[in-house]
Every structure is written in structure tokens, then in C-alpha cells.
Amino acid sequence: MSVLVSSSPQGPVRSGRKPKGEGHSRRAEILAAAERIFVEHGYEGATIRKIADEVGLSSTALYMHFADKGEILQDICRQAFEELLAANRRITTDEPDPQARLRAMLQAYVAFGFAQPNAYRLIYLTRPIEARSGAQNAAETQGPELFRSFQVVLEEIKVAGRLRGDDAAGAARLFWAGTHGIVSLIITKPYFDWGDTRVLSDGMIDALIRGLLKA
């Protein structure tokens, strides 16, 4: 924040404006505020005014960063998918064993959902109007790439003779459905006593591995 020197005994006065060169930081603040507002109010109820007020901007100033709330939602979803894809790429580089890689990828997926529940809700738990306004675009373009990263490792497991059956894509769907179920239940039903969520999610992953892969 910019600081204006004052002779007042109360000390320096801070300006509400961000100086030039901090546009990236301001954009990140807008996205973080919009995540909360989209989840709390739904896409219809999340107005540019509400988002602007949350970060101390005028609506006019916010439009300098984003054309409309659809673009904001699309950017949130795009960044979320990019983070998930980047995690899988790192794991693929670091872990040569396909079964250990699969487990690490599933754990990273769950960890993302627990760490960023608002973003997870927007990319996977959106209603039709929200999907048409941004989430669907990211889900249709980046979602298949994310799914493919799981399918590829399961194809490696199949080639190694460690997959039950011969449908790697079907197994990838089951792994995704199981882990998504755990994440979505925990973040949408926080009032339920889930116990240790890490133990629960690891238990689901263990059960899927035992059921779908050979020892």
C-alpha cells in the first residue's frame, strides 16, 4: 500500500489505492473475494458491486481488471485446474513407480479440495447457470486433461499387469468418483462428525487401490 507522510500526531495516513505496478496483487484479491461471494450468494447473487466492495474498489475500477463476473468465474476455474495439473506434472516427474504415483496424485487432489474448498465448489459443484458462465468453459477445456493424467498412470499400471480388468479409463473414473465423493461431502457437510479427514480420505484411496489394483 502507498504511504503518505503526515505531520499529524496520529502518524502516517495510508491510501486505499494500490500504486502502479501492483495490479497483479489486486487481481488476486478480486479473485479471492469473488470465490467467497460466488459460493455464499450463488452466481446470480454475486454482483460486481459486491465483489468490488469486498476489496475496496469502485465498480469502475474493478472493470479495469475484468470485463464481467463471468470472466472472473472463468479465471478462478482456470487457475484451479492449472494448479491441479501442475501438481500431477510434478508427481509424474518425481515418482517413477506408477502405483505410488497414482496414490500421490489422488492425495494431491484431495489436499487441493480441503485447502481450497471454494475453488473446488466452483469447478466441480456448480449449478447449470454458473457452469454456462465460466466453470463449464474451464471444465470442458482443462478437465479432460486432468482426467487424462489419471488415465495415463492407470494405463501404465495395466501394462505392468497390476490392474484388475483391462479398462484403464473405467478405473480412472472410479478413482475420481471415489475421491471426489469424499472431498465434496466433507466440504459441503461440515457439520457432520467426519473424524480425522486425512484418515478418511486415505482410507478411501486405500480401498480403491485394493479393489481395482492387484497386490
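Trainee: Which helix is Glu145 found in?
Mentor: Glu145 is found in helix 8, and please keep in mind throughout that we are looking at a predicted model.

Trainee: Is Glu145 buried, exposed or partly exposed, and why?
Mentor: Glu145 counts as partly exposed because its relative accessible area is 40%, a value that lies between the 20% limit for buried and the 50% limit for exposed.

Trainee: And which residues is Glu145 in contact with, leaving aside neighbours within four places in sequence?
Mentor: With those neighbours left aside, the contacts of Glu145 are Leu85 and Arg89. Phe81 lies 64 residues away from Glu145 along the chain, and the C-alpha atoms of these two are separated by 9.2 Å.

Trainee: What about Arg148, where is that one found?
Mentor: Arg148 is also part of helix 8, and it counts as partly exposed because its relative accessibility is 38%. Its side chain makes a polar contact of 3.3 Å with the side chain of Glu155, and its C-alpha is 8.4 Å from that of Ala169, although 21 residues separate the two in sequence.

Trainee: Which residues of helix 8 are buried, then?
Mentor: The buried ones are Gly143, Leu146, Ser149, Phe150, Gln151, Val153, Leu154 and Ile157.

Trainee: How does the span of helix 8 agree with what it should be?
Mentor: Helix 8 covers residues 143-159, and its 17 residues should span 24 Å at 1.5 Å a residue, so the 25 Å between its end C-alpha atoms agrees with that expectation. The helix is followed by Gly161, which has a positive phi near 80°.

Trainee: Switching to helix 5, is Arg101 buried or exposed there?
Mentor: Arg101, which is found in helix 5, counts as buried because its relative accessibility is 6%, under the 20% limit. Apart from neighbours within four places in sequence, Arg101 is in contact with Ile91, Thr92, Glu95, Pro96, Val153 and Glu156.

Trainee: OK, the core now: how many residues are in the largest nonpolar core?
Mentor: That core has 54 residues, and those with the most contacts inside it are Phe38, Ile72, Leu102, Leu154 and Phe175. Helix 4, residues 69-94, supplies the largest share of this core, namely nine residues.

Trainee: What does Phe175 touch?
Mentor: Not counting residues up to four places away in sequence, Phe175 touches Leu102, Leu106, Leu154, Leu208, Ile209, Leu212 and Leu213.

Trainee: You mentioned helix 4; how far does it reach?
Mentor: Helix 4 has 26 residues and reaches 38 Å from its first C-alpha to its last, close to the 38 Å expected at 1.5 Å a residue. At its start, a side-chain oxygen of Asp68 comes to within 3.1 Å of the backbone nitrogen of Gly70.

Trainee: Zooming out, how many helices and strands are there in the protein?
Mentor: The protein has ten helices and two strands, and along the sequence they follow the pattern β-β-α-α-α-α-α-α-α-α-α-α. Of its 215 residues, 40% are buried, and residues 24 or more positions apart account for 67% of the contacts with a separation of 6 or more.

Definitions and conventions: Residues are numbered from 1 along each chain as its sequence is written. This is a predicted model: local features need pLDDT of at least 70, side-chain atom pairs count only at pLDDT 80 or more; totals for chains, interfaces and linings use all residues. Side-chain values use heavy atoms; hydrogens and water are left out. Helices (H or I, at least four residues) and strands (E, at least two) are DSSP runs, numbered from the N terminus. The expected span of a helix is 1.5 Å times one less than its number of residues. Buried means under 20% relative accessible area, exposed over 50%, partly exposed in between (1.4 Å probe, protein chains only). A nonpolar core is a set of buried Ala, Val, Leu, Ile, Met, Phe, Trp, Tyr and Cys residues joined through side-chain atoms within 4.5 Å. Contact means heavy atoms within 4.5 Å. A polar contact is a pair of N or O atoms within 3.5 Å; within protein, one must be able to donate a hydrogen and the other to accept it, and residues adjacent in sequence count only if both atoms are side-chain atoms.
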